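Hi,

Here is the structure I said I would pass on. Have a look at it first, and my notes on what turned up follow below.

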Amino acid sequence: MKTTYFLMMGALLALAVNLHSQGVLPKSPVDKLKDLKAKNAEIIEKQNATLLKLDEMEKQSEQMRFMSKRS
């Protein structure tokens, strides 16, 4: 009797674990598209910041070249 009780309890626990693992519903295509657009916007912002830094570095290197020619 005790063994069947333990088997039933084990089966119930196993089923409960499986039910909880299915709690997240898959995203709709519209939600996926919104996520992609947000990630793309972040990437574009990072690229713009990097481009600005590179432009600053180029200007500084041009100034250094100009100053080195003068001396």
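One definition before the details: a salt bridge here means a side-chain nitrogen of Lys or Arg within 4 Å of a carboxyl oxygen of Asp or Glu. Please keep in mind that this is a predicted model.

So which residues pair up that way? D35 forms a salt bridge with K27, and their closest N and O atoms sit 2.5 Å apart. That distance falls within the 4 Å limit, so the pair counts. Searching the whole structure turns up one salt bridge. Both partners are partly exposed: D35 has a relative accessible area of 31%, while K27 has 47%.

Now the overall picture. The protein chain has two helices and zero strands. It is 71 residues long, and 0% of them count as buried.

Where does negative charge gather? There is a patch of it on the surface, made by D55, E56, E58 and E62. One of these, E62, lies in helix 2, which covers residues 29-70. E62 is partly exposed, with a relative accessible area of 43%. Patch members need over 30% relative accessible area, so E62 at 43% clears that cut-off.

Cheers

Key: Residues are numbered from 1 along each chain as its sequence is written. This is a predicted model: local features need pLDDT of at least 70, side-chain atom pairs count only at pLDDT 80 or more; totals for chains, interfaces and linings use all residues. Side-chain values use heavy atoms; hydrogens and water are left out. Patches are made of residues with over 30% relative accessible area and no salt bridge: like charges are joined within 9 Å, nonpolar side chains (Val, Leu, Ile, Met, Phe, Trp, Tyr) within 5 Å. Accessible areas come from the Shrake-Rupley method with a 1.4 Å probe; for residues, only the protein chains shown count as cover. Lys and Arg count as positive and Asp and Glu as negative; His and the chain ends are not counted. The place of a charge is taken as NZ of Lys, CZ of Arg, CG of Asp or CD of Glu. Helices (H or I, at least four residues) and strands (E, at least two) are DSSP runs, numbered from the N terminus. Buried means under 20% relative accessible area, exposed over 50%, partly exposed in between (1.4 Å probe, protein chains only).
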